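This report looks at a few local features of a protein model, taking a helix, a sheet and a surface patch in turn.

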Amino acid sequence: MVGKTESQNGAVKATAAPAMNLESDLFSNFSFKSFKLKTKQQELLLRVSILGLVYILAFITRLFSVLRYESMIHEFDPYFNYRTTLFLTEKGFYEFWNWFDSESWYPLGRIIGGTLYPGLMVTAAFIYWTLRFLRFAVHIREVCVLTAPFFASNTTVVAYFFGKEIWDSGAGLVAAAFIAICPGYISRSVAGSYDNEGVAIFALLLTFYLFVKAVNTGSLAWALASAFGYFYMVSAWGGYVFIINLIPLYVLVLLITGRYSMRLYVAYNCMYVLGMLLAMQIRFVGFQHVQSGEHMAAMGVFFLMQVFYFLDWVKYMLSDTKLFQAFLRITVTSAIAVGALALGVGTASGYISPWTGRFYSLLDPTYAKDNIPIIASVSEHQPTAWSSFMFDFHILLFLFPAGLYFCFKKLSDATIFIVMYGLTSMYFAGVMVRLILVATPAVCLISAIAVSATIKNLTSLLRTKSKTAVAGSSKGTGGSKASSKASFDQSQPFQKNGAIALLLGAFYLLSKYATHCTWVTSEAYSSPSIVLAARGAHGNRVIFDDYREAYFWLRQNTPPDAKVMSWWDYGYQITAMGNRTVIVDNNTWNNTHIATVGRAMSSYEDEAYEIMRSLDVDYVLVVFGGVTGYSSDDINKFLWMVRIGGGVFPVIKEPDYLVNGDYRVDKGAAPKMLNCL
Amino acid sequence: MEALLRPRIMLSLTIILIPIFLFISGASSHQIRINNAERRIDLSTHIVKVFLTLKVENTGKTSASEILLAFPPTQVDHLAFLEALAATGKKKKKTYVSLAVKPTQLPDAPNETNYYTIVLANPLNTGETATLEILYILTHSLEPFPVEISQSESQLVYYRDSALILSPYHIKQQTTFIKIPSNKVESFTRVEPTDRAGNELKYGPYEDRPPYSYSPLLVHFENNNPFSVVEELVREVEISHWGNLQITEQYKLAHAGARHKGIFSRVDYQSKPAFSGVSSFKHLLARLPPRVHSVYYRDEIGNISTSHLRADSWKISELEIEPRYPLFGGWRATFVIGYGLPLEDFLFESSDGRRYLNFTFGCPLVETVVDKLTIKVVLPEGAKGPSAVVPFPVEQRLETKYSYLDVVGRTVVVLEKKNVVPVHNIPFQWNDLNILFWGSKMEKKKRNSLLVMLVD
């Protein structure tokens, strides 16, 4: 008991230390005086209050951005989500579902309802409508800004239950505390970061938790719940592909390791069939579950399960082992043959689509760089650097292998799952920076197991020690017994001191982690990136608000039907804040269109004029950061324009813009560079 | 202190308004003669202020109680404010009594002339004279020419009027002074005797002009003062039970000067402020009541970080705001200013259980014309039967608004007025708004409990 309390204290020490210490003191006083017998209730109270504190902590640590700047939507994609949410709340669900947006991708337009994951918008709108119904006159922007922190808080609760399911409640609490402040997750869920990921991580963890629960219990109800969790995940984020591949993989591993059981059969079949049917309701996903190559693994495993079940049944019916062996051989061969044939025919006839570029680039990190510049140009699609692992995980990176060790030591269906989740997501995190997010819950959970198990071992060591000491002193003064006790005591002090030292070390590490997380959150991840802050010459804060100045000028002082051409990064922001039609935006679905803009930007002025005339462009937005030293301006992105443009129009050649292989923007730059738009 | 004085002034005004003069003597134009008229036209900002001093004599046989003022149709559309005072006493001990003014239609008006009738406090007997001080304010009366200017040019405007005062009466002697903001005058019409001294043009004196004399006058001069026009302003005043008055003002601001032509160079604008964009304006000043708190300044896409507040607990607080970009001719900006005020400064209770809210009507921005002003006063839930007392004609209606934790909704009094100008330099506060609300005895009890809350 006491050990557990301490471990939880450590996890949230630096941020909530005073309150926690006070509370644990209070409880320990109580426990020794009046409520000595009701240990169970005490534990429950303690657990709930710690979880409550973690819940609040997860929320408030994400409010740095609101305090530093203001309650605003961050970055690029969230602006699109905000705009669609606004549309949803104003026009209703039906209109939203059938929305054809002519303001983006001029002159093509975009079918919004069919090309987005509506989970986030519907969630925010639902929260908004609920609050409105309860007569809270909130603005939809505030709801959108606070959606991500709210779901981050919910994630901590899920993490607690997940940890409890795979290890024990202590590990659950530590996991909740870890995930509440883990920078890898905070980076995507600060207030204002109104993006799919904010909701999706909650849905991801919930689905996994419910599935593991279903596997552990074999209950149809849990499997059903997991199917609904999966549905929510599908509606929220394209990362659901990870679930639909990880779970079959997990099932396959269980089958191979001989852990097949009826529980697994019920859980997987129910979850897969129902989850698939539900997911088909999302228009953007549609029939991909039966048509796309990325989902075929799940279907294969589904059929494999049936074969397994069938064989089990036949084995039960046939008493003769030899006969069964023969039957097994025939069935397995024919099943594999039929499966391979179906896959081959499906792929050849075009019914099953091949893997998409992003999926390829996950399996082969060099693929995007060679073939799809548009994916490679996004900084969050780059392979992860070691430093960013350290930055986002800190001590969890070291605790992760330790946790894996503990998991392997106590193998069960649940720990196998978390190990697989951890390993695969870590691989993906290494391939793409943004997928650190997916790995974060697994890393937190496994590290929590490590911390919890270690501290539990150490404290139990301490406790047995003190108990025997107490017993020795109380049992009396004289005799042989006392001397034997003493000899027993003498064998222990090294162990005891070592335990204390290790505990202190663990607490030191955990408190360091908490400080690091707070620092990272406040310094690195709370910037809205649309408003820039810098220190002025006198130490005062200077705010650069030039982006919004430009967007607002567009909104106020251009004709309502004006078309604005800019590089695609700014597309969402122009439509959301400037309220004007753009040529390309951050939904990079049409590579050719983007390449056309890239070509216009990198051609000579007269050629560029022709291209722009053909696109009906009225205004061009370019960003230059030379005066203030802002590095991510269009000059910096220019080479990507050239590369993407050159990918479609071979007229544009990258070497034309380089001087001896260097990229220069000053007077010594290449002539084509100087003369282009 | 000031707030206490206002209702009294208000009361006196309403008393003056109440009497209705039915008898208009048709022959009045023949019996009144203007002995001396002096007109001072102030063109230093985009709000044209005209001070008119008339020495009126009754030469007829019967006593006259009304004086007519004539305006050409072009001016009457832009007339934002008109006020008449009767001056009595000698120079040192001059006292002013404000007079009622109302628009009048005359059947035989030449050239669609519009009239306003000044109702004298004491009828003018035969042979008596009176001195009238008239102030009227014209908006949108300066016409930029050239219509489009580039960033480096300064703004030139036309002002059109008549060198002779339009009047249905015979004027014995008249002089017009026109004050312009700088020495730079491109051209001006000469109607001899005409004189120019520095930034002042003098027309007259002209002797013995018959009724409805008119002589066109055109002044072309430089005016780089900000032509800030709020096209639409919605002020929402929300009264809270908890001792707070929350004001939210939604502005649609425009630069009504010469349209901007060509490109805008930020580098030129910042490096050479004296030569570049002289007619544009960067910041505006809003005068907010004392003890203002929780001021915010934002627009649809977020907070605007460029504003400074000089708050004061006794004097008027000043809020300096900068739009996101400098406003050039024809450019627009929308923004919202919100602030809280202590309720006890504005809400008073009378002995019969009604409550009065005294609040300024106009726009807090300095030197700004508001084309359409809407004031919404959101009363606490349960308030009944509100009525507004405003000393000039406004459109009124009631609405219901739902806010935090509302069940039946809050009553909203909506007042609308077009063409509002800030009038500060006049001796009385006309811009007060009284809202009374009353109800049954049950309501009274409820309101007593409200009072307790307010005291807290």
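Which residue with a positive phi follows H13(A)? In this predicted model, H13(A) is followed by A:Gly258, whose phi is positive, near 75°. The helix itself, H13 of chain A, covers residues 240–256, and because its 17 residues should span 24 Å at 1.5 Å a residue, the 25 Å between its end C-alpha atoms agrees with that expectation. H13(A) is also mostly covered, with 13 of its 17 residues buried.

Chain B contributes an open sheet of four strands, in the order E8-E10-E15-E12, with antiparallel pairing. Strands E8 and E12 of chain B stand at the edges and have a single partner strand each, so one side of each is left without a neighbour in the sheet. From one strand to the next, the twist averages 20°. The residue ranges of four strands of chain B are listed here.

| Strand | Residues |
|---|---|
| E8 (chain B) | 142–144 |
| E10 (chain B) | 156–162 |
| E15 (chain B) | 216–222 |
| E12 (chain B) | 185–188 |

Strands E10 and E15 of chain B run antiparallel and are joined by seven bridges; B:Leu156 has B:Glu222, in E15(B), as its bridge partner.

On the surface, a nonpolar patch is formed by A:Phe133, A:Leu134 and A:Phe136 together with B:Tyr404 and B:Leu405, and these residues have about 550 Å² of accessible area together. One of them, B:Leu405, lies in the loop between strand E29 (395–401) and strand E30 (410–420) of chain B. Its relative accessible area is 54%, and B:Leu405 is therefore exposed, the cut-off for that term being over 50%.

Note on methods: Residues numbered from 1 in each chain as written. Chains lettered and ligands numbered in written order. Predicted model: local features only at pLDDT ≥ 70, side-chain atom pairs only at ≥ 80, totals over all residues. Heavy atoms only, no water. Helix = DSSP H or I, 4+ residues; strand = E, 2+ residues; numbered from the N terminus. Expected span 1.5 Å × (residues − 1). Buried < 20%, exposed > 50% of the residue type's maximum accessible area, 1.4 Å probe, protein only. Pairing = 2+ DSSP bridges. Axes fitted to C-alpha atoms, helices over the stretch in contact; angles between N-to-C directions. Patch = residues over 30% accessible without salt bridge, like charges linked within 9 Å, V, L, I, M, F, W, Y side chains within 5 Å. Areas by Shrake-Rupley, 256 points an atom, 1.4 Å probe, with all protein chains shown as cover. Salt bridge = Lys/Arg side-chain N within 4 Å of Asp/Glu carboxyl O.
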